Amino acid sequence: MKTPFLKAVFSIVRKDLQIELRSRELVSSMGLFALLSILIFSFALELDRNARREAISGVLWVTIVFASVLGLNRSLAMERDQGNLDAMLLAPIDRVAIFFGKLIGNLVFALVVGLLLLPIMTILYNYNLFQPWLIAVLLLGTFGFSTVGTLLAMMTVQTRARESLLPIVMMPIALPVLLAAVRASTNILTDNPIADWIAWVQILVVVDIIYLVVCFLLFEYVIEE
Amino acid sequence: MTQHSALSTQHSLIETRALVKAFGMLPVLRKLDLSIARGEFVALLGPNGSGKSTLLRLLAGLSKPTAGDILVGGWKLPQEAAPVRAQIGMVSHKVLLYENLNARENLRFFARLYNLPAAKADERITQLLDQVGLARRTHDPVRTFSRGMQQRLSIARALLHNPDILLLDEPYTGLDVDASAVLDNLLRDAHKGGRTIIMSTHELGRAAALASRVVILSRGVVGYDAPTAGLDGLRLSAIYTETTSMASAR
Amino acid sequence: MSAVSKATPATTEQAQTTGRPLGLTILTVLTIIGVAAGLYMALGYARTDLEQGDVQRIFYIHMPAFIGAFVALLGTVIGGIMYLRTRNVKWDKLALAGVEVGIALALINLITGMVWARPIWNTWWTWDPRLTSEAIMILTYAAYVMLRQGIENVEQRRRFAAVYGILAFVTVIITLVITRVRPDTIHPVVIGPSVQTDTAQGAFEVAASTGVRMALMVNMPVWALLVPVTLMWYRIRLENLAERVQALKLKALS
């Protein structure tokens, strides 16, 4: 009777990617925002070639987080505006499939923006950001706040304050992810020995897992009526 | 649980017992009892706020009751919603479509969610698009559609998985005369095809002409309930006024 | 849970007494005595710290207040989980009371800390990891209050608040453990093993004298348990009364 879980998840992912390919709304607004943010940071912090590498990883992460907030709001407002969430809830699918479907979509968009930033920042700041560990941390960090972001955005788009509420409720909750990701990337960029910072990557993995489980358990309560 | 086959062998397909739904302290449905047999076409009437939409959302499993029971085909909602969902099609006043996808892509997405085999789904989509008169607009994004066309596509979406039960929440809102006539025909066909239909509407004449039974909700309970045989729009409107004004006098 | 067993809202709003319950009166008296005794122990009984002087006495309230905030916010997590499971409104009231009392106690903790830091660290505020994480923790719960205000549908408000109250506890745990994770903090760790060697400024030994220990032993249960529990009880009671007024209004109108 029920649609298989994975089929439901990938139908939703496929639909989100299809819409994005058609409209390019999310990636273009997120990408443009990210680019502007980097430029503004360079002016504000006077980040030149001699800039401290700590500042670079901070700029990278703050930019990715704010760009994802932008994307998360759009992606879930789309489900609310025409009542499409109802349409998905009507279908004989596991409700958590909606969570995973939206999560994977949001993660892909955030990663696209993150990976777009790497070459741009490499050129602008003259540091090679294409390091395997940095990309791994980028993946883990983006995953962490896409997880809490998907849950919280599903919640905030249903409220009166809507878009303005998401950054307020999401930032503090995403802090552990951000903290671990920034510390790890800073260390990677300053070429510190792996033993010094591998703990941050481990913390990141643990926090990701905890958030995934908690959000998985709580999601059902965010969409019922 | 497993002895039920799909949605069959029940003399009343849909049943609510002492159904209560409250939003906070505000009760919308107050111990509503209603029983609907297979193949009936029920027109759900009542003023705004009488609980029509709330009842339809409850029957669709989109909302949880505060108290009371809902049985659909012997399954209890919301606990056993999964097997029921596959047998329900719903048209709400929101169109439930993705405006950046075209008509066929929208229907394909929902066909996947309902686990229809791809080849069969495509065939069914072509047939449905033809039936709702959108065959020539298949490849246009939904945002370029008029309200009437979006509503027709929305009905195609609701019929996609060939559901036994069709729930319609004010489907005539925002439709012009032509689109309304198309919808009339679609509903007549669906009813003839043996589907059970529950439709909320404010159009009394349509209700009398199309439906097999009229239920008027007032203040969260059934105020009037009778077959439409022998009723016309005029007579029904007299009954409607009487039922709803009686309730507000109370 | 069967839907039938859930009481309708009309019946849950009723069973309330108008007068103050005896238990609450006793608790109130105990709290007042406790706070007074705690102040005496902190300001009179314990002897002045040799290095820091009288300002060290603030510690006897500073740390217990944080534990009190922890207890109150743990109440929010329990209230949230139980609300989602039972849908009984009383759990939501517990969660809300926990947040408000938690914010108040965390602010007491923060402000007493700042007063202490002025002479010891020579600044009211510094961007130390623990100070920052506690500030973020307080803001998280401010966001909780904002989230509640942003939702009109009461049932949805309770549900979302429960979800957020559970998630928000992450920031409390972080504030608690950050002095162990980030050794670069200057915030002293006075109890238990510490990774700090010489970064902490203004540390002292709790185990050093009986005066310190006694003063802490009196203040700890008062601020960590009596104060939050009493305040939360009052807050829940206030919520009950407000709800009754609302119900009576609705009755009068319909």
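Entry 1. The model I consulted is predicted.

Entry 2. I looked up helix α3 (residues 59-86) of chain C and helix α4 (residues 89-120) of chain C, whose axes come within 7 Å and cross at roughly 160°. By that cut-off, α3(C) and α4(C) are therefore roughly antiparallel to each other. I noted the crossing of α3(C) and α4(C) as left-handed. I then sorted the contact of α3(C) with α4(C) by residue class and recorded 17 nonpolar, 12 polar and 1 charged residues.

Entry 3. I turned to chain B and examined strand β8 (residues 196-200), which is mostly covered, with 5 of its 5 residues buried. I checked the directions of the residues: T196(B), I198(B) and S200(B) point one way from β8(B), while I197(B) and M199(B) point the other way.

Entry 4. I next searched for the pairing partners of β8(B). Strand β3 (residues 41-45) of chain B pairs with β8(B) in the parallel sense over 4 bridges. There I found F41(B) with I197(B) as its bridge partner. Strand β7 (residues 165-169) of chain B also runs parallel to β8(B), joined by 5 bridges. In this pairing I located I165(B) opposite T196(B), a residue I had already listed as buried.

Technical notes. Residues numbered from 1 in each chain as written. Chains lettered and ligands numbered in written order. Predicted model: local features only at pLDDT ≥ 70, side-chain atom pairs only at ≥ 80, totals over all residues. Axes fitted to C-alpha atoms, helices over the stretch in contact; angles between N-to-C directions. Helix = DSSP H or I, 4+ residues; strand = E, 2+ residues; numbered from the N terminus. Parallel < 35°, antiparallel > 145°, perpendicular 65-115°, else oblique. Left-handed = near helix turned anticlockwise from the far one by under 90°. Nonpolar A, V, L, I, M, F, W, Y, C, P; charged D, E, K, R; others polar. Buried ≥ 20, exposed ≤ 12 C-beta atoms within 10 Å, placed from the backbone. Pairing = 2+ DSSP bridges.
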